[in-house]
Amino acid sequence: MWVEKENCLHRQFIFEDFSAAFGFMVRVAIAAEKSNHHPLWTNVYNKVDIWLSTHDAGNIVTEKDRKLAADIDAIFKG
């Protein structure tokens, strides 16, 4: 579940292993590039943390972030 905090949407995704986490990141990267909206994220082994905010709007959460979050959720669900 996405949590809005400190002007960002955040969610942590946990996978079976590093390969699954990395594959997810590749799919998210493609979706982010298509929408021209890029996340801040980290990956440690099987965990991917993603933060979304819109820099053009002053680093706040906008509809662009909510749309990308929904796209990311769809990728995660497969």
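Select valine 48 and display its surroundings. Leaving aside residues up to four places away in sequence, valine 48 touches Arg11, Gln12, Phe13, Phe15, Ala21, Phe24, Met25, Thr42 and Asn43. The model in view is a predicted one, and the distances given on this tour are to be read accordingly.

**Helix α1**

Now select residues 18-35, which form helix α1. The end C-alpha atoms of α1 are 26 Å apart, in agreement with the 26 Å that its 18 residues should span at 1.5 Å a residue. Colour Ala21, Phe24, Met25, Val28, Ala31 and Ala32, the buried residues of this helix. Turn the view to look down the axis of α1: the buried residues fall within an arc of 125 degrees, so they line one face of the helix. An α-helix has 3.6 residues a turn, so residues three or four places apart point the same way.

What covers the buried residues of α1? Display β2 (8-14), β3 (40-44), β4 (47-52) and α2 (63-77), which are included in that cover.

At the start of α1, select aspartate 17 and serine 19: a side-chain oxygen of aspartate 17 comes to within 3.3 Å of the backbone nitrogen of serine 19. Just after α1, select asparagine 36, whose phi is positive, at about 55 degrees.

**The salt bridges**

How many salt bridges does the structure hold? There are 3, and each can be selected in turn.

Begin with glutamate 4 and arginine 66, which form a salt bridge whose closest N and O atoms are 3.0 Å apart. Glutamate 4 belongs to strand β1 (residues 3-5) and arginine 66 to helix α2, so this pair ties together parts that lie 62 residues apart in sequence. Glutamate 4 is partly exposed, at 47% relative accessible area, and arginine 66 is likewise partly exposed, at 39%.

Next, select aspartate 73 and arginine 11. Their side chains meet in a salt bridge at 2.5 Å, N to O. This pair links distant parts of the chain, with aspartate 73 in helix α2 and arginine 11 in strand β2, 62 residues apart. Are these two residues buried or exposed? Aspartate 73 is buried, with a relative accessible area of 16%, and arginine 11 counts as buried at 15%.

Finally, select lysine 67 and aspartate 71, whose side chains meet in a salt bridge at 2.8 Å, N to O. These two residues are 4 apart in helix α2, and therefore are separated by about one helical turn. Lysine 67 is partly exposed, with a relative accessible area of 49%, and aspartate 71 is partly exposed at 24%.

Definitions and conventions. Residues numbered from 1 in each chain as written. Predicted model: local features only at pLDDT ≥ 70, side-chain atom pairs only at ≥ 80, totals over all residues. Heavy atoms only, no water. Expected span 1.5 Å × (residues − 1). Buried < 20%, exposed > 50% of the residue type's maximum accessible area, 1.4 Å probe, protein only. Arc of directions from axis to C-beta. Contact = heavy atoms within 4.5 Å. Polar contact = N/O pair within 3.5 Å; in protein donor to acceptor, adjacent residues only side chain to side chain. Salt bridge = Lys/Arg side-chain N within 4 Å of Asp/Glu carboxyl O.
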